There are 2 protein chains.
Amino acid sequence: MTKPPPRIVRTVADLRNVAGEWKGQSLRSTLVPTMGALHKGHLEIVRMAKTLAERTIVSIFVNPTQFNNPNDLANYPRTLDADWRMLEEAGVDLLFAPRQHEMYPEDFTTKITVSKVSEGLCGAFRPGHFEGVATVVAKLFNQSQANFAVLGEKDYQQLHVVRRMTRDLDIPIEIVAHPTVREPDGLAMSSRNARLTPQERQLAPELARQLNIAAAAFGRGTPAQDIYQVAHKAILAAGFSSVEYFELRAERDLMPLQSLSEPARLLVAANLGRVRLIDNVPVSE
Amino acid sequence: MTKPPPRIVRTVADLRNVAGEWKGQSLRSTLVPTMGALHKGHLEIVRMAKTLAERTIVSIFVNPTQFNNPNDLANYPRTLDADWRMLEEAGVDLLFAPRQHEMYPEDFTTKITVSKVSEGLCGAFRPGHFEGVATVVAKLFNQSQANFAVLGEKDYQQLHVVRRMTRDLDIPIEIVAHPTVREPDGLAMSSRNARLTPQERQLAPELARQLNIAAAAFGRGTPAQDIYQVAHKAILAAGFSSVEYFELRAERDLMPLQSLSEPARLLVAANLGRVRLIDNVPVSE
């Protein structure tokens, strides 16, 4: 049986109508929040979403409040038509693509702040970013009333911020993490990869390679400072213009670690040309 | 038919079980969030709540994060047994009385800030108060998944903060306001009234009296500064130790007004002995 193409709704009222119909039929739903410019990584997340509940919603909204840099917002790729076709093929049930005034009426004045887990890492380099993320995700969760949400581990700190916000505010949704999807050469899939020049694209996988080298070194007990020094040098030598952070953090609560005393993540952000790339890998003994 | 006594639950999991049962039976519910120390004003609110939906939940939680003053928190009246009996008589279905660690686990780090409507008035004198209110109310709404919530107009700025937060975060609950319930002598009912000495209790109605005098003067077109000056003097002369604010604000968005250019509220906060009292009245031409 061929699935009908996904319905597209642009208002919260329409989204709620569909969600209400589903609840009336005891159908559960999974939300996949995205900023569009969909790639294979998103499709893997959608595939997981479909295994969790009877209905799948994908939201596409380039959220202005999480961009600390106006150029980044202006240059963020927008490909709604292509996105729609991909979601149709993927068998998604509903596409929610609200316009900005639908999400943020003129007198919008509410902000959600998640301290601790949002500090350091991207939080240190993107002031206000995680407040924007937490606020828009709370809205999407409440608007969709989905039972599950799937988020990618590529944005690992974001995953922690969203998990904490959801638990702290008791939003009745279960967050499921999807492992980072990678290109054959190891580069973490990201909508921002589309903005790399062909030459930069060649260099980009060095980030994941250095994460893996460093993770292995942590596993062998090499001192953190030695590992960081080697990694920074190698990333810059590969052609990146700067390394924002390269850090070991606890899987559990994202608190900084000096050594591999508990299950951990190694996280990096670095700039390649005009593009800021992030990545992370799990680290265990 | 005698109604069974209200069930009391102390955990979010138990609250969700009951709420889930009701949803399964297509029964809607109304939440009345309180800090306990219930009085006749609360019972009027409960009475309204019962007209809105088939089930009524009253929450009792003295929320520490909304107390900027530790003495005020320590001295806030706590009368859970008496509250329970009152709610039983009032025919409430469920009493939710969570303990502090249930609401705020040790690694709780999320805060909701509502700017503009939370500025000035009580917001100026109680730093952090409305962040505490917005955060705990969002939690209670999400925990109970009630269809309606009834809030008293006595805490008029709080009503605006909660309305704005609920709309901005798209929490699927309808907020209904209940007019301030007053003692025969005009004093707005408040749990804090119990802390007044007999002599202070005699003086307290002067606050409502001055609000009404000032509201009438605004209706006649008397200049705001003249009205404020007379009111301040009269309240202090009556025995209050200080007037924190006495201000005209727009009903619509709580923005400051210099004159009666649109439907408005006149709001006051003043200290009588060790007790801080607030009140407000509608003002129209």
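Reader: Which residue of chain A comes closest to the rotation axis?
Author: That is I112(A), whose C-alpha lies at 2.3 Å from the axis. The model is predicted: local features need pLDDT of at least 70, side-chain atom pairs count only at pLDDT 80 or more, and totals for chains, interfaces and linings use all residues. Residues are numbered from 1 along each chain as its sequence is written, with chains lettered from A and ligands numbered from 1 in the order in which they are written.

Reader: By what turn can chain A be laid on chain B?
Author: A turn of 180° with a shift of 0.0 Å along the axis does it, at an RMSD of 0.0 Å. The two copies are thus related as by a two-fold rotation axis. Superposition is by least squares on the C-alpha atoms of residues with pLDDT of at least 70 in both copies.

Reader: Changing topic, what is the strand order of the open sheet in chain B?
Author: Its six strands run 1-4-3-2-6-7, with parallel pairing. Strands are DSSP runs (E, at least two residues), numbered from the N terminus, and two of them pair if DSSP finds at least two bridges between them.

Reader: And which are the edge strands?
Author: Strand 1 (7-9) and strand 7 (174-178) of chain B, each of which pairs on one side only.

Reader: Over how many bridges do strand 6 and strand 7 of chain B pair?
Author: Strand 6 (residues 148-152) and strand 7 pair in the parallel sense over five bridges. Within strand 7, V176(B) is the bridge partner of V150(B).

Terms used
Helix = DSSP H or I, 4+ residues; strand = E, 2+ residues; numbered from the N terminus.
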